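Good morning, colleagues. Please take a moment with the model on the screen, and I shall then go through selected features of its fold and backbone.

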Amino acid sequence: MTELNQYVVRPGQVREWTLHPPAISAAQQAGRDAVPPSYNQESHVLTMARLQERGVRTADWGGVAFEMPGRLHLDAFGAALVNWIGRHETLRSGFRSVGGELHRFTVPQEVVGMDSTVLGDFRDSGVLNRFLRDRLDASTHTLRWPSYVVETVQRADSVTVLLAFDHTQTDGYTLFAMVHEIQEFYAAALEGRVPSLPDTGSHVSYSDEQRREASLVGRDHPAVLRWERFIADSGGRPPGFPLPLGTSGEELVPQKSVFEWLLDSAETDALSAACRAERAALPAGVLAANALAARQLGAPAPYRTVMPFHTRSRSEWSASVGWYVEGGPVEIDLSAGCDFRSAVRRAQIAAREARQVARVPFFRVCELLGVDFKKTTPDPFSLLSYMDVRDSPGAGDWEKWNARALLRLSDSGKACLWVVCTREGLYLFGRYPDTEAAGVNVTRFVRCVRDILRAAARQDGVTGAPRLQVASFA
């Protein structure tokens, strides 16, 4: 996971791939779909609409980039994209505001087709990267359809493929899985065969089921009461980053990123063993390290954060493109002498409880509590995310493909951290406000987490504060 400007795209000819006019026309003429948007989709669209009314737009997309050898076969690649979009209903679905309500529309698979346009030849990687960023920003507008785009950069010996999607279309797991799917569709088109892929469900159907189940949740539901206490204990809002960021959290501030390898593969295995010895899983170890870092760096106790959990509760959704994530409130109270072993046990309990709460959509909870935490910013809260992508389809080929998940740094006064477990080890990617305080404190925090995890992997214990070198990340 990285920013686009940290992924080197070698110069070449840029070609942009978009849905052809018949698909756009079908969307314009499509009637209202009976299935409403998911809670996340609705909240995201309405927030972006509010910002647009104020004359503000902040890009908020995720994507992937990867390379393929040789020259791109245009017809086969176009067919691969058509078949891939046809496979995932959410990519054929969009939203329009009617009378203050957000209505879904969906176009049939048979109208999907792709056009491609050469945008230019580039000889400088820096100029090319800035051009691609601007194209991806412009083509992933939340309030337009389609809110995704594909770019290819062709050279004599290889092609780089970039795809970007507004957040309404995807989550992190989707990004990591789609590279393999598109490669398989392309190979199948070249070879004249049926793609070797499992059947998959639809995020549109998931949204329908989510809405129906959430409608049964009342004000006295345990998840609603847990969020109410959690928000009250955090001062009336979901908690922010443990250390000061130099913002109130509500303004839109340009962001910077941090990337840090926490553990290599052997250390990750050792940490997993240390967690299992305490009847805990690796995510609890990551959570425990964050709680310990907050304590060691003087953050107010207890440690509180929001942790996202995937909601792909059915096998049919495991390979589905869509936003299958809900957050749960995490609170860990550590005593002064609490070491990693004690902390990971408490973190396991806290994570288990948060996962239970996350079964109810956060924005359904907000409805019932009568609150709105996204009036002025796309981020309702700071978060700590954990993803294990070691078993994602094609994970063993990512290095060969030079594949990366891309994250656009939307403007925000909050900090968000993603810890990702890969076959190479455990790394952290984060984004935070571009302020002096955030640069110092996020750096201190991330390095403290890293040192705690390494000490735990060595089974040395983590009772003392590590020695830290403080610096800003570019």
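I begin with a cysteine: Cys275 is buried, because its relative accessible area is 0%, where buried means under 20% relative accessible area, exposed over 50%, and partly exposed in between, with a 1.4 Å probe and protein chains only. Before I continue, a word on the basis: this is a predicted model, in which local features need pLDDT of at least 70 and side-chain atom pairs count only at pLDDT 80 or more, while totals for chains, interfaces and linings use all residues. Residues are numbered from 1 along each chain as its sequence is written, and side-chain values use heavy atoms, with hydrogens and water left out.

How far is the sulfur of Cys275 from the closest cysteine sulfur? The distance is 11 Å, to Cys421, which is too far for a bond. Cys416 is also buried, with a relative accessible area of 1%. Its closest cysteine sulfur, that of Cys366, is 16 Å away, again too far for a bond. Taking a disulfide as a pair of cysteine sulfur atoms within 2.5 Å, the count comes to zero.

I turn now to the sheet. Helices (H or I, at least four residues) and strands (E, at least two) are DSSP runs, numbered from the N terminus, and two strands pair if DSSP finds at least two bridges between them. On that basis, six strands form an open, antiparallel sheet in the order S5-S1-S6-S7-S2-S12. Strand S5, residues 114-121, and strand S12, residues 404-407, are the edges; each has a single partner strand, so one side of each is left without a neighbour in the sheet. Neighbouring strands are turned by 20° against each other on average, direction ignored; axes are lines fitted to C-alpha atoms, for helices over the stretch in contact, and angles run from 0 to 180 degrees between N-to-C directions.

Two helices deserve attention here. Helix H4, residues 125-139, lies across S1, S2, S5, S6 and S7, and runs at about 160° to S6. Helix H3 covers residues 74-87, and its 14 residues should span 20 Å, the expected span being 1.5 Å times one less than the number of residues. The end C-alpha atoms of H3 are 20 Å apart, which agrees. Among the buried residues of H3 are Phe77, Leu81, Trp84 and Ile85. The buried residues of H3 pack against S1, S2, S5, S6, S7 and helix H5, residues 172-191, contact meaning heavy atoms within 4.5 Å.

Finally, the backbone. Most residues other than glycine have a negative phi, and most peptide bonds are trans. Which peptide bonds are cis? The bond from Trp145 to Pro146 is cis, with omega near -5°, and Pro146 lies in the loop between H4 and S6. The bond from Ala301 to Pro302 is cis as well, with omega near -5°; Pro302 is in the loop between helix H9 and strand S9.

Arg279, in the loop between H8 and H9, has a positive phi of about 60° although it is not a glycine. At 76% relative accessibility, Arg279 counts as exposed. Asn402, in the loop between H12 and S12, has a positive phi of about 50°, and it too is not a glycine. Asn402 is partly exposed, with a relative accessible area of 21%.
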